[in-house]
Amino acid sequence: DVSHAYLNALMDFVMHIRLPEGFEQTGKDGLPRVARVRKALFGFKQSGRLWADLFDQTLLEDLGFERLKSDPCVYVQRGNGPPLYLAIYCDDLLIVCSDQNKVEKFDKELGKHFALRNEGRGNGSMLGMKITVSGQGSNDFAIKLNMPGYIRQLLKRTKMDGCNPVKSPAESKFKLSRKDPLAEDGGLINGVPYRSCCGAVLWAALTCRPELSHTVMQLCRFVNAPTTKAVSAMKRLLRHISQDVERGITYRSNGEREICAYSDADWGDCTDTARSTTGFVVMLAGAAIDWRSKLQPTVALSTVEAEAMALCAATVEVEYTRGLLGELFGDKYIAKATPIYVDNKGARDDAYNKTGKRTRHINMRFHRVREAVTKDSIVVQRVTGGNDPATSEMVADILTKSTPAPLFIAMMKIMSGIRE
């Protein structure tokens, strides 16, 4: 963590501000006094860019790093010994290297430029996530990301820390509608605004609780006008979160060595707009590394069209992930075409251009999948779906609809890297 990150950067043009309260507002000549801004203060529009430019210049010119083309917030330092990787989010840094001495040396070098606070290996946290490193060697090494402190704080703030837990975040086939009656109190969850609760659970779903994504996505549509049903659904979601505050994502060194993805869609899921829901998850090292659950931009006229739009979104994300892994590790994880698993035959046929006039109306931009298949970036493969956890293989199913609890638990464990 970089202390007072923005204040390290200097303003790139002349700017004056009014003096704050407590200072003499007028000079000896009776004219108003102003202060010239020399540092990039928090709150200025350009402060973030100035800090990013300064940090980028320090790493590239002074410390010999390279910035990735696929992600401008990720850097790598190559040379003697193993490479050192660095990711930055505003003023939070994540450093990864197999040589602890190299990490300590870099920490000292960076400390000459900025004031740092280092949380160390295995006990660190970033963006509210707790990072736990366990095991050694290539067979039992694991990294777990979870948010126990953040979740406990949320439950305490909403007075749901003593509630009765439930196994799934929402009832099976649960749907919300704008036609439902509005909440009389404006949508308070034990005194906490509904909008605030949405923001809190959204951050958890985006970082290390992918199984919550579909329910959170539905609830966030009603932040401006919470309904009584949405408020009740939010309370149920908090009850589910309280079931296991330690739950997170665990990546293992003996997990999958190559990325794969699951793509699914729920046709006409939204009762208000008739739009479908896209859900996909990208897997590596035994758990999810990327996921999404969102409404599709247009109304799909068939299940094939809805599945094709979801497959296109998954393909774009897979190609980005392949580019990122390629810059970091070469062909180690992307030597072969990445399999994307789909449970709809029409969408698979459309990816290989085997369909006829029934799919001619599908927007051309969704045929990006065919191009990726042609250049061997992806291969679209079949998996079975359904509500039976014993036979269903579609992991992304819980990102498109509210499923029965047994199926939700089974897919959640796969997505989170939980081993029995």
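1. Lys159 lies in the loop that runs between helix H3 (148-157) and strand E10 (188-189). In this predicted model, Lys159 is exposed, because its relative accessible area is 60% and the cut-off for exposed is over 50%.

2. As for the whole protein, the model contains 10 helices and 17 strands, and its C-alpha trace spans about 80 × 60 × 45 Å along the principal axes. The protein has 420 residues, of which 46% count as buried. Where contacts join residues at least 6 apart in sequence, 66% of them are between residues at least 24 apart.

3. Helix H4, made up of the 14 residues 194-207, reaches 20 Å from its first C-alpha to its last, which is close to the 20 Å expected at 1.5 Å a residue. The buried residues in H4 are Tyr194, Cys197, Cys198, Ala200, Val201, Ala204, Ala205 and Thr207.

4. The crossing in which H3 passes H4 is left-handed. On the H3 side the contact is made by Tyr150, Ile151, Leu154 and Arg157, while H4 contributes Ser196, Gly199, Ala200, Val201, Trp203 and Ala204. Sorted by class, this contact of H3 with H4 holds 7 nonpolar, 2 polar and 1 charged residues. Ala200, Val201 and Ala204, which take part in the contact from H4, are also listed among the buried residues of that helix.

5. With 16 residues, H1 reaches 22 Å from its first C-alpha to its last, close to the 22 Å expected at 1.5 Å a residue. Its buried residues are Ser47, Leu50, Trp51, Phe55, Asp56, Thr58 and Leu59, and what covers them includes helix H2 (100-111) together with strand E3 (66-67), strand E4 (74-77), strand E5 (84-89) and strand E6 (92-96).

6. One backbone detail concerns the stretch that comes after H1: the helix is followed by Gly64, whose phi is positive, with a value near 75°.

Conventions: Residues are numbered from 1 along each chain as its sequence is written. This is a predicted model: local features need pLDDT of at least 70, side-chain atom pairs count only at pLDDT 80 or more; totals for chains, interfaces and linings use all residues. Side-chain values use heavy atoms; hydrogens and water are left out. Helices (H or I, at least four residues) and strands (E, at least two) are DSSP runs, numbered from the N terminus. Buried means under 20% relative accessible area, exposed over 50%, partly exposed in between (1.4 Å probe, protein chains only). The expected span of a helix is 1.5 Å times one less than its number of residues. A crossing is left-handed if the near helix is turned anticlockwise from the far one by less than a right angle, and right-handed if clockwise. Contact means heavy atoms within 4.5 Å. Ala, Val, Leu, Ile, Met, Phe, Trp, Tyr, Cys and Pro count as nonpolar, Asp, Glu, Lys and Arg as charged, and the others, Gly among them, as polar.
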